[in-house]
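Here are my notes for your first read-through. Keep the structure open beside them and check each point as you go.

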Amino acid sequence: YYTKRIVGLPGETIQIIENNVYIDGKKLEEDYKTSKISDVGIVGEQMKLASDEYFVLGDDRENSDDSRDADIGNVKRSYIYGKAWFVALPRKHFGFVRSEERRVGKECRS
């Protein structure tokens, strides 16, 4: 089991350019600390997520096994387990997660 951050939702297009994640052509603003992305893996070109796929990244992006790796790739919904119940970082979201925010895809990028 791994804990990863969901950054791409079904139907979205993902690409990493010069250390930045782009979703549907817009730069993802990340207000949490991550390491730089030196290896973009399979998302050097745009990648469209299927209706049941999610794109996940670890915060330690130099040492993370995540969706950039061809052996892992996009994660099917059926492989996502668990629920977030508490946010420690970023501090502006510190506290318990409200039940309506627990659904996969809702507030996952914050």
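**Notes on the fold**

1. Start with N74. Leaving aside residues up to four places away in sequence, N74 touches M47, L49, E53, Y54, F55 and S67. Keep in mind that this is a predicted model. N74 sits in the loop between β6 and β7. N74 has a relative accessible area of 19%. The cut-off for buried is under 20%, so N74 counts as buried. The side chains of N74 and E53 are joined by a polar contact of 3.3 Å.

2. Which strands pair with β6? Strand β1 (residues 5-8) is joined to β6 by 3 bridges, and the two run antiparallel. Within that pairing, I6 has V56 as its bridge partner. Strand β7 (residues 75-76) also pairs with β6 in the antiparallel sense, over 2 bridges. There, Y54 has V75 as its bridge partner.

3. Now the open sheet. It has 4 strands, in the order β4-β3-β2-β5, with antiparallel pairing. β4 (26-27) and β5 (47-48) stand at the edges. Each has a single partner strand, so one side of each lacks a neighbour in the sheet. Strand β2 (residues 13-17) pairs with β5 over 2 bridges, in the antiparallel sense. I14 stands opposite M47 of β5. As background, strands of a sheet pair through backbone hydrogen bonds.

4. Next, the nonpolar cores. The largest has 13 residues. V7, I14, V21, L28, V43 and F55 have the most contacts inside it. β2, β3 (20-23) and β6 (53-57) each give two or more residues to this core. Apart from it lies another core of 5 residues, including I6, Y54, V56 and V75. In general, nonpolar side chains tend to be buried together in soluble globular proteins.

5. Take V21 as a case from the 13-residue core. What does V21 touch? Not counting residues up to four places away in sequence, its contacts are Q15, I16, K26, K27, L28, I37, L57 and R61.

6. Now the aromatic rings. The whole structure holds 4 aromatic pairs. Take F86 and F96: their ring centres are 5.1 Å apart and their planes stand at 80°, so this pair is edge-to-face. F86 is in strand β8 (residues 86-87) and F96 is in strand β9 (residues 95-96), so the pair ties together parts that are 10 residues apart in sequence. Ring pairs also link W85, F86, F94 and F96 into a cluster.

7. W85 and R98 are 13 residues apart in sequence. Their C-alpha atoms are 7.8 Å apart in space.

Terms used. Residues numbered from 1 in each chain as written. Predicted model: local features only at pLDDT ≥ 70, side-chain atom pairs only at ≥ 80, totals over all residues. Heavy atoms only, no water. Phe/Tyr/Trp six-rings, centres within 6.5 Å; stacked < 30°, edge-to-face > 60°. Pairing = 2+ DSSP bridges. Core = buried A, V, L, I, M, F, W, Y, C linked by side-chain atoms within 4.5 Å. Buried < 20%, exposed > 50% of the residue type's maximum accessible area, 1.4 Å probe, protein only. Contact = heavy atoms within 4.5 Å. Polar contact = N/O pair within 3.5 Å; in protein donor to acceptor, adjacent residues only side chain to side chain.
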